[in-house]
Amino acid sequence: MALEPEMPVGDQAPNPELADFTRRLWVAGVLSIPLLFVSMVSEMLGLHLVSPALSPWIQLALTAPIVLWAGAPFFERGWVSILTWQLNMFTLVSIGVGAAFLYSLTATLVPSLFPPSLRMQDGRVPVYYEAAGVVVTLVLLGQVLELKARAATGQAVRALLDLAPKTARQIRADGREDDVPLAAVQVGDRLRVRPGEAIPVDAVVIEGRSSVDESMLTGEPVPVLKTAGMLVTGGTSNATGGLVIEARAVGADTMLARIVAMVAQAQRSRAPIQALADRISGWFVPLVVVLALATFILWALVGPEPRFGHALLNAIAVLIVACPCALGLATPMSIMVGTGRGARAGILIKQAEALQALDGVDTLVIDKTGTLTEGKPRLIATEIAGGFSEETLLALAAALESQSEHPLARAVVDAAAAAHLPIEHADRFESQTGLGVSGTVSARAVVIGSPAQMQRIGLDPAPLAEKANAYRRDGAGVMFVAIDGQLAGILAVADPVRAEAAQALAALKASGLRIVMLTGDNRVTAEAVARQVGGIDSIHAELKPEDKARIIGDLQKAGARVAMAGDGINDAPALAAADVGIAMGTGTDVAIESAGITLTHGDLSAIVRAHALARATMRNIRQNLFFSFVFNGIGIPIAAGVLYPLTGLLLSPMLAGATMALSSVTVVLNALRLNRVAL
């Protein structure tokens, strides 16, 4: 078959194979109409426009261009399939068409070679040019329809490529602005994005404020507000505001280019279920040849007159109707359409195997931080004591925590900044491992940490212990604060549960999945999160990265088929160990590389969509395989003539060719239905 580029291109050039086959189809179609009229229709209508002696020569003149030129690719591929013993549909088509044409050619050129038993009542040797010519035309029609449908399966990837603009407006060092080709943009270049334009590359906003439509990346239609310091993705669409951005990733390194590469790779990959079709095809074609020979022998021995004619036509019909083209298309067509549909919904499939694995899972293992929760701790409450004000407590705590790299410290600093509180410089900063931090802010001694930290400096945390325990039961982390040797209050910091988590988990449970939570956090926090989201069947807390992979291995040993969803570096071993790993697209590159499926939107509802897509795609593949087997299972016996003794019905090679083409078109059209799957 004609080779296709590994990477699709945005400017889709005409498919040369489609153009070639379309020309051949037109020629074959134009010649087949008079061929059918001369060979069959005129006799059926009682019209004798051509003398019996001249008719075979006219049929030869009409059929030769069809078989020898229009059908030449079939004979070339059929011959290669025999030489390499990779038997396929072209093997059967070339044998069937070749047998009909060569027999008829011999009967026309040297009729004296045929004994009286093979002649008609008037002494003429029958010819079957219409069988050869019309079958070639119908097979060409099926190939053209298939090629057009295959082109449609790549529309999703080409649509993604077309999202990137061809030029970018570059801001020079001297302030001048010029439109430059996208390929000329370098990392670090400053670019202007005007209202309504597509963002050209992955970048960071350095000036301006605007809403950006990221639906191509996330599948969500609601625009996202972008301001200075925020990241934007190439191919997303700017709305009403103007932005100045600084390029961070260009060319093949952009998220859009990586998405296209991943989808193209997935569309060319093979799902394990395809091995079934491959194994069947391996013995199916030789079996069909044997069945065709058996059909020929049986009709030649016991069939009605003319026995040889019936034997030849029925054997050819068996060869043609049994062409396994639909069987070969069943899996790859669904994979191509399904992965393209997923790309439009923010579901990136690395390999087709991942889709099949996700369809078969019965257990979903979910990391807590960044998956069930947002992964961005926030200050949720401040409790004061000793007469201090909330502003004083937060300002002094933020000044000290600004020196710390702990995630909870970042939440305190962000809360102070949001409240427009001054964040002073902290002196004599010290970290007490496992306890907290201490230092001096504006000549005031500040100590932050656990109850043990308070006890270390001689303070009793008991007055605030009950409130601290209440926040902990709700999943928050609590920090005690002391100022100038007095207990000043507590800060409660929590990683908020994702808004869609409860609804998404309910949908996953409804689809029959068991939900297991894994986290390195403490059990109290893990249980609090589980209570908020609901639907968690099992909790494993205080885990190291290797513990997560071990637990997945234990589940698999117990017979579970496991999908793992996570976003961090610490999730990479577990993502790789699972039957299928699902990386939340907001996570790290290591997690994304370790997973078979990446969700660009990075929320739990995307897991629901991915599971639905996997089920729909695999259901579509099974439907295609069923259609393929039904067409062959019904068509072969009818072509062999099993209905003839009861009904007198025979399947002519022309109808066999039409049935074979119909089976291919049915499979392709069924696969294209995946474009309309609701996700």
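Trainee: Is S104 buried or exposed?
Mentor: S104 is buried, with a relative accessible area of 0%; buried means under 20%, exposed over 50% and partly exposed in between, with a 1.4 Å probe and protein chains only. Please note that this is a predicted model, in which local features need pLDDT of at least 70 and side-chain atom pairs count only at pLDDT 80 or more, while totals for chains, interfaces and linings use all residues. Residues are numbered from 1 along each chain as its sequence is written, and side-chain values use heavy atoms, with hydrogens and water left out.

Trainee: Where does S104 lie, and what does S104 touch?
Mentor: S104 belongs to helix α4, residues 89-109. Helices (H or I, at least four residues) and strands (E, at least two) are DSSP runs, numbered from the N terminus. Not counting residues up to four places away in sequence, S104 touches V127, Y128 and Y129; contact means heavy atoms within 4.5 Å.

Trainee: And N620, buried or exposed?
Mentor: N620 counts as buried, at 2% relative accessibility. The residue lies in helix α23, residues 604-640. Setting aside neighbours within four places in sequence, N620 is in contact with S334, N670, A671, R673 and L674.

Trainee: How far does α23 reach?
Mentor: From its first C-alpha to its last, α23 reaches 54 Å over 37 residues, close to the 54 Å expected at 1.5 Å a residue. The expected span is 1.5 Å times one less than the number of residues. Just after α23, G641 takes a positive phi of about 105°.

Trainee: Changing topic: what is the strand order in the sheet of seven strands?
Mentor: The order is β10-β22-β21-β20-β11-β18-β19, in an open sheet with mixed pairing. Two strands pair if DSSP finds at least two bridges between them. The edge strands, each pairing on one side only, are β10 (347-349) and β19 (538-540). From one strand to the next, the twist averages 20°.

Trainee: Which helices pack on or lie across those strands?
Mentor: Helix α12 (residues 352-360) packs on the sheet and touches β10, β20, β21 and β22. Its direction makes about 100° with that of β21; axes are lines fitted to C-alpha atoms, for helices over the stretch in contact, and angles run from 0 to 180 degrees between N-to-C directions. Helix α19 (residues 523-533) lies across β18 and β19, at about 150° to β19. Three bridges join β18 to β19, and these strands run parallel. There, V516 stands opposite S538 in β19.

Trainee: One more pair: which way do β1 and β2 run?
Mentor: They run antiparallel, joined by five bridges. I171 is partnered by E177 in β2. Their hairpin has five residues between the strands, and G175 takes a positive phi near 95° there.

Trainee: Finally, how many helices and strands are in the protein chain?
Mentor: The protein chain has 25 helices and 22 strands. Of its 679 residues, 51% are buried. Among contacts between residues at least 6 apart in sequence, 68% join residues at least 24 apart.
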